[in-house]
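Have a look at the model first, then read on.

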Amino acid sequence: MSCELDSPVQTQMAVAFFKSSLSREDGGTNRNEGKQPTGRRRVFVQTETGCVLGMELDRGDNAHTLKRRLQIALNIPVEQCSLTFGDKVLKNDLSAVLNDSPLLLTRNFLSRSSSTPCLSPTRRDVQQRDESGSIEILGRSNRFDIIKQLVKDVVKAIDMGVDPIPVHGGLGGAYYFRNSRGDCVAIIKPTDEEPSAPNNPKGFVGKALGQPGVKRSVRVGETGIREVAAYLLDSEHFANVPPTALVKITHHVFNINDGVNLKKPNKKKVVSKIASFQQFIPHDFDASDHGTSSFPVSAVHRIGILDIRIFNTDRHAGNLLVRKLDSMGRFDQVELIPIDHGLCLPETLEDPYFEWLHWPQASIPFSEGELKYIEKLDYRDDWKMLQKELPMIREACLRVLTLCTIFLKRAAAYGLCLAEIGEMMSREFHSGEEEPSKLEVVCIEARRSIADRDLLFPKVDLGDDEFQFDIDSEDSAESGFMPKMTMDDCMYRAHFDLGIGSNGRNPLSRLEKGSEEEEEKKRDDVAGVEAFERIPSVSKLSMPLKNAVLGKKSPKQPKYSGMMQENGFMANTSSGHRSANEQLPASASFVNLVDMREDEWLLFLEIFQELLHPAFDNRKSATL
C-alpha cells in the first residue's frame with residue numbers, strides 16, 4: 001500500500017530558536033552518540049503550546065539561568081513556570097539532562113487561569129534560523145542505525161524539494177516523509193499535534209502539553225515517547241515493531257494553530273517540532289480488512305506478548321498492518337506489523353484493549369521458543385535501558401512495565417495461554433458497574449498487606465519525602481531512580497514483617513480470620529484507628545476482592561465506578577491527595593503504583609508475586 005498525494009496543511013511560524021552555534025552534520029543526526037558531553041550541551045525546550053527552542057547549555061548553566069534565557073527568547077514571564085524532564089522538575093541542577101534532550105516548559109498548576117498568557121513566542125526578532133540539522137535524532141541507541149539512514153534519505157529529499165504528505169486518517173497530525181524517488185519511507189507524528197494537543201490540525205484541541213490526554217493515564221505530548229519505548233522493548237525484533245526514534249524536525253508542512261481562529265488561512269512557514277519518526281512499512285491492508293483466521297499463530301502470540309508487557313490500551317485491528325507473503329495472502333502466508341503504540345505504558349493500571357483476545361490463535365498454548373523468550377525477559381534490564389535511552393520517561397510507566405513483565409513471566413510459566421493472561425488483565429462490567437481486573441485485585445491485596453505492615457510496625461518519620469524524585473538529589477541522579485534496596489533485603493524484611501515465605505503462608509490466608517480479628521486489632525491499637533478509617537476494612541474490601549480472585553460470588557459486590565484512589569485504595573472523595581508528580585484527574589483507577597516509596601515498592605513486588613500463584617490456580621479451575 002502506498003501513500004496517496006494530497007495538498008499539505010497550511011502552517012504559520014510560531015516558534016523561534018535561540019541563537020546557537022551548532023553545525024550541521026550528516027543531515028542532522030546526533031553528533032555526540034554514546035557519550036555524555038562534559039562541556040556544552042544542546043537541549044530542545046518545548047512549551048506547553050508546542051513551540052520548540054533549541055538552546056545550548058554551558059557547563060555552569062542551571063535551571064534559573066536557562067529560564068532567564070527562555071524569558072528573553074519568548075518575551076513572557078517565566079517566574080511561575082517549571083522546567084520538567086519527564087516527571088523530574090528541574091529546580092536548579094541540570095547534570096541529569098543529557099545532550100539533545102527534550103525539556104518541557106509549563107505554567108505551574110496553581111498559576112493557570114484564563115488570563116495567563118500562553119507560553120508562545122511573540123517577538124519577530126527572536127525568530128532566528130536554527131543552525132542545527134533539519135532532522136535531529138534525540139537518543140543514542142545503537143538500534144537507531146536504520147533511522148539514521150532514513151534521516152539521510154529524507155533530508156536529501158527535502159533539499160531536493162520533495163514535500164511530505166499529510167495523513168488525513170486518524171485523530172492526530174501525521175505526515176508521510178519521502179525519499180528522493182518519491183517513495184514513502186517514514187511517518188512523522190509531532191507531539192504537539194496529538195489528539196487534544198494545542199496544534200492538532202483536525203480540531204481536537206483544548207489541552208496543553210503535559211495535561212491528561214484522551215487516555216487520562218497518558219499525558220498530552222507523551223505518546224511519541226511510548227512509540228519509541230515499544231520499539232526499544234521489542235528485543236530481537238520479536239514482535240516486528242518498525243524502527244522508531246524521537247526527533248527534532250523542521251519543515252513548513254507542520255500545523256500551528258493561532259489559538260483564536262483555527263480556520264484562518266496562514267502562509268506556510270518553517271516550524272520545528274518534537275516528533276516520533278517511524279519507518280514506513282509497505283503493506284496491503286490492516287487487520288480490519290482481512291479475515292483473522294489466516295493470521296499465523298506465532299505472529300499473534302508475539303504481538304500479544306508485547307502488548308501484555310507494555311500494557312497496551314489501544315491494540316485494535318486498525319493498528320495491525322498486514323502484508324501478504326504470496327499473491328493470495330493464504331493461511332500462514334501473511335506478516336503482521338504492529339504500529340501505533342502511543343497509548344501503551346500508562347501511568348496507572350486501567351482497562352487494556354487487546355483486539356486479539358478472542359481470536360482462536362490466542363487460546364493456543366505458547367510454543368517452546370515463545371516460552372524461552374518470555375523466560376529471558378528481565379524487567380530490571382528493561383528499566384535501566386529505558387532510563388538510559390529515554391531518560392524523560394516517567395517512573396510510573398516503568399513500574400507498570402515491571403508489574404506486567406512479572407505477571408507475564410509467572411503466568412506463562414504456570415501454563416496459562418495468551419487469552420487467559422489477557423482476560424486476567426481486562427476489566428469486567430456487571431450491572432453497569434466497572435470492576436477491577438484479576439490483576440488489579442492482586443495489586444490491591446498486596447497494597448493492603450503493606451498497609452497492615454505499616455500499622456503493626458510504624459516507621460519513624462524522617463521528614464517530608466514529597467520530593468523523593470528531586471532532580472537535585474545526587475543519589476537519585478546517580479541511581480537513575482532505581483530502587484536502592486536489593487530484592488534480598490526486601491524478602492528478608494517481608495519474611496519477618498509479614499510472615500511471608502519462611503513459613504509458606506499465603507498472604508490471602510489472613511483473610512480467613514474474617515473481620516472480627518481485624519476489629520479487635522483496631523480497638524487495641526488506638527494509634528492506628530485513623531489510619532484504618534482511611535482504608536477499606538476487611539469486611540468491606542478484602543473479602544469481596546478475595547472472592548473475585550477465587551472466582552466466587554459475593555453477596556454484595558463493591559461499587560467502583562466513579563471512585564477515586566487515596567493512599568493506593570479506593571476512596572469516596574471529591575478531591576483526593578495527589579502529588580505534583582501525578583496531577584491526574586479522577587479516573588477508574590483502583591490501585592496506585594507511583595505513590596509508594598522505593599522500599600514499599602520492592603515489598604509490594606514481593607507480596608504481589610506471592611499472590612499470583614493462587615490467582616492462577618483459580619483462573620485455571622474456573623476455565624476447567
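Six of the seven residues in strand β9 (residues 184-190) are buried, so the strand is mostly covered (buried means under 20% relative accessible area with a 1.4 Å probe, protein chains only). Strands here are DSSP runs of E with at least two residues, and helices are runs of H or I with at least four, numbered from the N terminus. This is a predicted model, where local features need pLDDT of at least 70, side-chain atom pairs count only at pLDDT 80 or more, and totals for chains, interfaces and linings use all residues. Residues are numbered from 1 along each chain as its sequence is written, and side-chain values use heavy atoms, leaving out hydrogens and water.

| Partner of β9 | Bridges | Direction |
|---|---|---|
| β8 (residues 175-178) | four | antiparallel |
| β11 (residues 271-279) | five | antiparallel |

Over in β11, Phe-277 is the bridge partner of Ile-188.

Now the helices. The axes of α4 (residues 297-309) and α5 (residues 368-376) come within 11 Å and cross at roughly 20 degrees; axes are lines fitted to C-alpha atoms over the stretch in contact, with angles running from 0 to 180 degrees between N-to-C directions. That makes α4 roughly parallel to α5, a label for angles under 35 degrees. Ser-298, His-301, Ile-305 and Arg-309 of α4 make the contact with Glu-370, Tyr-373 and Ile-374 of α5 (heavy atoms within 4.5 Å).

Conventions
Buried < 20%, exposed > 50% of the residue type's maximum accessible area, 1.4 Å probe, protein only. Pairing = 2+ DSSP bridges. Parallel < 35°, antiparallel > 145°, perpendicular 65-115°, else oblique.
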